[in-house]
Amino acid sequence: MPVLHITKNDIHLCSVGSDDVWMFSASVHADIWGPACSELTVTGGGKRRSEGSFDFLIWEMAHALRKGDRIVFSFEEGSASSPKQPAIDDETPAEDMPTDLAASEEDITRLAARPKSNQDCRWRCVVSGEPEILMLPDDHRQNLDLHLLWNEMRAHRVRVGLSRSSLDEVVSRSGGEGVFLEYIEGAARIELSIE
(Lines give C-alpha, C1' and ligand atoms only; values in the text may rest on other atoms or scores of the structure.)
Protein backbone atom coordinates (compact mmCIF):
# COMPACT_ATOMS: atom_id res chain seq x y z
CA MET A 1 0.00 0.00 0.00
CA PRO A 2 1.22 3.55 -0.69
CA VAL A 3 2.34 6.48 1.38
CA LEU A 4 2.82 10.09 0.28
CA HIS A 5 5.93 11.77 1.75
CA ILE A 6 6.12 15.57 1.48
CA THR A 7 9.26 17.61 2.05
CA LYS A 8 9.91 21.34 1.91
CA ASN A 9 13.50 22.33 1.15
CA ASP A 10 14.57 18.76 2.02
CA ILE A 11 12.89 18.90 5.46
CA HIS A 12 10.08 16.40 6.16
CA LEU A 13 6.67 18.09 6.50
CA CYS A 14 4.39 15.08 6.67
CA SER A 15 3.61 11.57 5.42
CA VAL A 16 0.08 10.44 4.62
CA GLY A 17 -0.25 6.68 4.77
CA SER A 18 -2.91 4.28 3.62
CA ASP A 19 -3.16 2.72 7.11
CA ASP A 20 -5.06 5.83 8.21
CA VAL A 21 -7.06 7.02 5.20
CA TRP A 22 -9.32 5.80 2.40
CA MET A 23 -8.36 8.88 0.35
CA PHE A 24 -6.03 11.86 0.48
CA SER A 25 -5.48 15.05 -1.43
CA ALA A 26 -2.45 17.32 -1.62
CA SER A 27 -2.60 20.64 -3.42
CA VAL A 28 -0.56 23.77 -3.98
CA HIS A 29 -2.29 26.98 -5.03
CA ALA A 30 -1.05 30.40 -6.14
CA ASP A 31 -2.74 33.48 -7.53
CA ILE A 32 -1.60 36.95 -8.58
CA TRP A 33 -3.18 38.62 -5.55
CA GLY A 34 -1.26 36.83 -2.78
CA PRO A 35 -0.43 37.58 -0.01
CA ALA A 36 1.29 34.17 0.13
CA CYS A 37 3.39 33.34 -2.91
CA SER A 38 1.83 29.84 -2.86
CA GLU A 39 0.02 27.65 -0.31
CA LEU A 40 0.14 23.91 0.43
CA THR A 41 -2.84 21.97 1.78
CA VAL A 42 -2.83 18.23 2.61
CA THR A 43 -6.06 16.55 3.76
CA GLY A 44 -7.64 13.13 3.80
CA GLY A 45 -10.63 11.05 4.73
CA GLY A 46 -10.04 8.64 7.62
CA LYS A 47 -10.89 4.97 7.23
CA ARG A 48 -14.62 4.47 6.76
CA ARG A 49 -16.67 3.13 9.63
CA SER A 50 -19.13 0.29 9.13
CA GLU A 51 -22.02 2.74 8.63
CA GLY A 52 -20.02 4.65 5.98
CA SER A 53 -18.98 7.74 7.97
CA PHE A 54 -15.35 8.88 8.22
CA ASP A 55 -13.26 11.60 9.88
CA PHE A 56 -11.79 14.54 7.97
CA LEU A 57 -8.03 14.71 8.61
CA ILE A 58 -5.66 17.64 8.03
CA TRP A 59 -1.87 17.44 7.78
CA GLU A 60 -1.26 20.92 6.34
CA MET A 61 -3.76 23.74 5.80
CA ALA A 62 -2.81 26.81 3.76
CA HIS A 63 0.90 26.30 4.65
CA ALA A 64 2.54 29.44 3.22
CA LEU A 65 5.30 28.91 0.66
CA ARG A 66 7.87 31.51 -0.39
CA LYS A 67 9.98 32.13 -3.44
CA GLY A 68 12.91 29.73 -3.37
CA ASP A 69 10.93 26.94 -1.68
CA ARG A 70 11.06 23.46 -3.21
CA ILE A 71 8.32 20.97 -2.41
CA VAL A 72 8.80 17.28 -3.20
CA PHE A 73 5.92 14.79 -3.20
CA SER A 74 7.09 11.15 -3.17
CA PHE A 75 4.45 8.46 -3.67
CA GLU A 76 6.04 5.16 -2.62
CA GLU A 77 5.54 1.91 -0.74
CA GLY A 78 4.61 2.28 2.91
CA SER A 79 1.49 2.73 4.97
CA ALA A 80 2.06 4.86 8.10
CA SER A 81 1.22 8.56 8.51
CA SER A 82 3.32 11.07 10.41
CA PRO A 83 2.60 13.08 12.29
CA LYS A 84 -0.67 11.41 13.34
CA GLN A 85 -3.54 13.85 12.95
CA PRO A 86 -6.56 14.17 15.21
CA ALA A 87 -9.92 13.98 13.49
CA ILE A 88 -11.85 17.19 12.89
CA ASP A 89 -15.05 17.05 14.88
CA ASP A 90 -17.52 19.03 12.79
CA GLU A 91 -20.68 19.35 14.84
CA THR A 92 -22.22 22.15 12.75
CA PRO A 93 -25.95 21.43 12.46
CA ALA A 94 -27.15 21.18 8.85
CA GLU A 95 -29.62 24.06 9.39
CA ASP A 96 -26.69 26.37 10.29
CA MET A 97 -24.78 25.65 7.08
CA PRO A 98 -24.93 28.36 4.39
CA THR A 99 -27.00 27.34 1.39
CA ASP A 100 -26.14 30.05 -1.14
CA LEU A 101 -22.39 30.18 -1.75
CA ALA A 102 -22.56 31.63 -5.27
CA ALA A 103 -20.56 34.81 -5.86
CA SER A 104 -22.32 37.73 -7.51
CA GLU A 105 -20.85 39.70 -10.42
CA GLU A 106 -20.19 42.48 -7.90
CA ASP A 107 -18.24 40.05 -5.68
CA ILE A 108 -16.14 38.85 -8.64
CA THR A 109 -15.39 42.43 -9.75
CA ARG A 110 -14.37 43.36 -6.18
CA LEU A 111 -12.12 40.29 -5.90
CA ALA A 112 -10.49 40.96 -9.27
CA ALA A 113 -9.74 44.59 -8.29
CA ARG A 114 -7.56 43.60 -5.32
CA PRO A 115 -3.90 44.74 -5.42
CA LYS A 116 -1.69 42.26 -7.31
CA SER A 117 1.20 41.45 -4.98
CA ASN A 118 2.16 38.12 -6.58
CA GLN A 119 2.20 38.77 -10.34
CA ASP A 120 5.79 37.55 -10.77
CA CYS A 121 5.16 34.11 -9.23
CA ARG A 122 6.56 31.24 -11.34
CA TRP A 123 6.45 27.50 -10.84
CA ARG A 124 8.81 24.90 -12.23
CA CYS A 125 7.41 21.38 -11.96
CA VAL A 126 8.90 17.99 -12.80
CA VAL A 127 6.63 14.95 -12.67
CA SER A 128 8.39 11.56 -12.47
CA GLY A 129 11.27 12.50 -14.75
CA GLU A 130 9.11 14.11 -17.48
CA PRO A 131 10.33 17.36 -19.05
CA GLU A 132 10.13 20.39 -16.76
CA ILE A 133 6.90 22.41 -16.93
CA LEU A 134 7.08 26.18 -16.38
CA MET A 135 3.84 27.78 -15.18
CA LEU A 136 3.06 31.47 -14.75
CA PRO A 137 -0.14 33.30 -13.90
CA ASP A 138 -1.20 36.20 -16.12
CA ASP A 139 -4.03 38.74 -16.33
CA HIS A 140 -6.31 36.22 -18.06
CA ARG A 141 -5.55 33.11 -15.96
CA GLN A 142 -4.58 34.38 -12.50
CA ASN A 143 -4.52 31.06 -10.58
CA LEU A 144 -2.06 28.13 -10.60
CA ASP A 145 -2.92 24.74 -9.09
CA LEU A 146 -1.11 21.45 -8.53
CA HIS A 147 -3.35 18.66 -7.27
CA LEU A 148 -2.57 15.08 -6.22
CA LEU A 149 -5.40 12.69 -5.42
CA TRP A 150 -5.34 9.06 -4.22
CA ASN A 151 -8.02 6.65 -3.01
CA GLU A 152 -7.98 3.05 -1.88
CA MET A 153 -10.25 1.87 -4.70
CA ARG A 154 -7.31 2.33 -7.10
CA ALA A 155 -4.50 2.09 -4.58
CA HIS A 156 -1.79 1.46 -7.19
CA ARG A 157 -1.98 4.94 -8.74
CA VAL A 158 -2.11 8.65 -7.93
CA ARG A 159 -3.76 11.36 -10.05
CA VAL A 160 -1.52 14.36 -10.73
CA GLY A 161 -2.90 17.52 -12.30
CA LEU A 162 -1.48 20.96 -13.09
CA SER A 163 -3.81 23.73 -14.22
CA ARG A 164 -4.23 27.46 -14.71
CA SER A 165 -7.57 29.18 -14.26
CA SER A 166 -9.21 32.59 -14.21
CA LEU A 167 -11.12 33.98 -11.27
CA ASP A 168 -14.36 33.48 -13.23
CA GLU A 169 -13.45 29.83 -13.87
CA VAL A 170 -12.65 29.27 -10.18
CA VAL A 171 -15.90 30.87 -9.01
CA SER A 172 -18.03 29.00 -11.57
CA ARG A 173 -16.05 25.75 -11.07
CA SER A 174 -15.79 25.45 -14.83
CA GLY A 175 -12.24 24.18 -14.94
CA GLY A 176 -9.61 26.17 -16.71
CA GLU A 177 -6.57 25.29 -18.76
CA GLY A 178 -5.28 21.80 -18.05
CA VAL A 179 -1.49 21.88 -18.34
CA PHE A 180 -0.79 18.31 -17.19
CA LEU A 181 -3.07 15.46 -16.13
CA GLU A 182 -1.91 11.90 -15.64
CA TYR A 183 -2.54 8.85 -13.50
CA ILE A 184 0.84 7.63 -12.33
CA GLU A 185 1.15 4.01 -11.28
CA GLY A 186 3.68 2.78 -8.76
CA ALA A 187 6.35 5.10 -7.40
CA ALA A 188 6.00 8.76 -8.36
CA ARG A 189 8.02 11.88 -7.59
CA ILE A 190 6.73 15.39 -8.17
CA GLU A 191 9.04 18.35 -7.59
CA LEU A 192 7.69 21.91 -7.46
CA SER A 193 10.04 24.88 -7.26
CA ILE A 194 8.56 28.29 -6.52
CA GLU A 195 10.32 31.26 -8.05
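Predicted model: local features only at pLDDT ≥ 70, side-chain atom pairs only at ≥ 80, totals over all residues.
How many bridges join strand S7 (residues 123–127) to S12, and in which direction do the two strands run? I found 5 bridges between S7 and S12, with the strands running antiparallel. I then looked for a specific pair and noted that Val127 has Ile190 as its bridge partner in S12.

**Entry: the other partner of S12.** I checked strand S6 (residues 70–77) next. I counted 6 bridges from S6 to S12, and these strands also run antiparallel. For Ser74, I recorded Arg189 as the bridge partner in S12.

**Entry: faces of S12.** I listed the side chains of strand S12 (residues 188–194) by face. On the covered face I have Ala188, Ile190, Leu192 and Ile194. On the uncovered face I have Arg189, Glu191 and Ser193.

**Entry: the open sheet.** I traced an open sheet of 6 strands and wrote its order as S5-S4-S3-S9-S10-S11, with antiparallel pairing. I marked strand S5 (56–65) and strand S11 (177–185) as the edge strands, since each pairs on one side only. For the twist I noted an average of 10 degrees from one strand to the next.

**Entry: S3 and S9.** Within that order I looked up one pairing in detail. Strand S3 (residues 21–31) is joined to strand S9 (residues 143–151) by 9 bridges, and the two run antiparallel.

Conventions: Residues numbered from 1 in each chain as written. Heavy atoms only, no water. Pairing = 2+ DSSP bridges. Helix = DSSP H or I, 4+ residues; strand = E, 2+ residues; numbered from the N terminus. Axes fitted to C-alpha atoms, helices over the stretch in contact; angles between N-to-C directions. Buried < 20%, exposed > 50% of the residue type's maximum accessible area, 1.4 Å probe, protein only.
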